[in-house]
Amino acid sequence: MSPFTDNYDSKEKTSDDVEGGRAEPRSSIGSKDKDDPFGDESNSEVKYRTMAWWQAGMIMIAETVSLGILSLPSVLAAIGIVPGIILILGLGIIATYTGYVIGQFKLRYPHVHNMADAGEVMLGAVGREIFGAAQMMFLVFVMGSHILTFSIMFNTLTNHGTCTIVFGFVAMLLSLICTLPRTLLNVSYMAIASFISIVAAVMITMIGVGVERPGDGKIDATVQSNLYKGFLATTNIVFAYAGHVAFFSFISEFKSPETYPKALFLLQGVNVSMYLIVAIVTYRYAGADVKSPALSSTSPMVQKVAYGIAIPTILIAGVINGHVAAKYVYVRLFRGTDRMSKKSWSSFGMWVLIVVILWTMAWIIAEAIPVFNDLLGLISALFASWFTYGLSGVFWLYMNQGLYFSTKRKMALTVANSIIFLMGAVI
């Protein structure tokens with residue numbers, strides 16, 4: 001039996017004693033159609049619940065292991081290798097747990113498709129609007145980050161051959177086209193290319209800095225820093241794990257939502273390992289002056305090769321966030337109607353219109369905040385820590401109302417999730 005389901009199926013547990021143990025009358029969860037955001041798909045022309053766990057795992061990896069990894073070597077340079085490794089590993093372990101809690105919340109409330117739905121469960125209509133607005137702002141900012149990285153990449157490849165605004169517009173147009181498929185299953189095939197791309201790009205970067213050794217060979221165990229640099233370094237690590245905002249949407253398109261932990265553990269095993277290896281190796285050879293994004297820490301020729309290979313991941317990771325943002329709006333507008341499952345021109349036309357509006361907004365943000373680290377820090381400070389850490393603590397506390405001190409285990413988990421909630425508030 002999956003560890004994801006034993007809290008719900010075990011004969012020793014009642015409906016009040018799940019790891020989301022808050023009892024809800026069945027009528028509050030709703031009918032079969034309401035339980036599933038896409039309704040009954042038996043006669044649907046467009047079927048959404050089609051992903052196997054490994055396909056969803058590849059999407060989660062492509063969404064998470066992209067922009068964030070490019071800033072981690074500079075984190076070690078800013079705060080030192082020892083605290084940097086501790087933070088990368090520690091925040092990764094906590095992110096695994098908080099991702100697991102999101103899965104528990106989804107199984108407890110099957111109709112939840114996004115953060116807005118989760119907010120509605122806990123706080124009613126007000127919670128739906130607050131959580132929905134925050135999710136959309138975060139996703140659009142992340143989309144803007146990918147447009148900005150695409151512009152940096154093309155400036156490197158062309159030696160600033162044209163205006164950065166033009167490169168940003170090209171990124172927006174390509175991203176828009178790739179976001180047109182309406183199901184995550186179609187996006188999952190692009191995610192495989194994205195993963196291969198980022199692995200190849202960081203390998204070239206590590207080999208390049210290892211051969212060229214642009215740094216002085218000095219590694220600082222700790223670095224005397226100020227609050228601003230330390231906080232920016234921490235938020236960049238948080239951003240590297242900030243895929244949780246899309247997890248409800250991903251789980252909603254699983255064939256079997258109970259297999260979600262497999263995808264989660266695949267994601268976290270890959271990203272924690274890659275983050276540590278890339279950060280340590282690049283910092284070791286690039287030194288204290290390592291750049292962010294990390295692909296810029298090599299010679300011009302190696303930079304061009306690495307950036308060229310990184311094009312798929314720079315593009316596709318942004319596309320996944322764009323898809324989730326567009327799907328939130330689409331589901332919000334047409335949930336419970338046949339337009340969700342039709343292949344008509346009107347259905348697809350509305351999807352295209354939503355995609356165009358969102359990517360245009362992202363392009364404007366990318367042009368307004370043209371410094372990569374500042375944009376990452378702003379996104380993380382405003383949203384990433386809440387979606388990755390703080391809200392999962394809230395979800396657990398909500399599901400376990402009345403059970404906080406029922407057992408020693410519950411007491412320990414109550415303390416742990418309260419601390420996680422405070423992390424989201426502080427970081």
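How many cavities of 30 Å³ or more does the structure hold? The structure holds two.

## Basis of the model

This is a predicted model, in which local features need pLDDT of at least 70, side-chain atom pairs count only at pLDDT 80 or more, and totals for chains, interfaces and linings use all residues. Residues are numbered from 1 along each chain as its sequence is written, and side-chain values use heavy atoms, with hydrogens and water left out.

## The second largest cavity

A cavity is a set of points, on a 1 Å grid over the protein atoms alone, where a 1.4 Å probe fits but cannot get out; lining residues have an atom within 4 Å of a point. The second largest cavity has a volume of about 40 Å³, the volume being the space filled by probe spheres set on the grid points, which are joined across faces, edges and corners.

Its lining consists of Ile69, Leu70, Val202, Thr205, Met206, Val278, Thr282 and Ala294. Helix H9 (184–212) and helix H12 (260–286) are the elements that give two or more residues to this lining; helices are DSSP runs (H or I, at least four residues) numbered from the N terminus. H9 provides the largest share, three residues.

## Packing of H6 and H12

The axes of helix H6 (residues 81–108) and H12 come within 10 Å and cross at roughly 170 degrees. Axes are lines fitted to C-alpha atoms over the stretch in contact, with angles from 0 to 180 degrees between N-to-C directions. H6 and H12 are therefore roughly antiparallel to each other (angles over 145 degrees).

## Salt bridges

Five salt bridges are present, each a side-chain nitrogen of Lys or Arg within 4 Å of a carboxyl oxygen of Asp or Glu. One of them joins Asp117 and Arg335, with the closest N and O atoms 2.9 Å apart.

Notes: 1 Å grid on protein atoms, 1.4 Å probe; cavity = no way out; pocket = protein on both sides within 12 Å on 5 of 7 lines; lining within 4 Å. Parallel < 35°, antiparallel > 145°, perpendicular 65-115°, else oblique.
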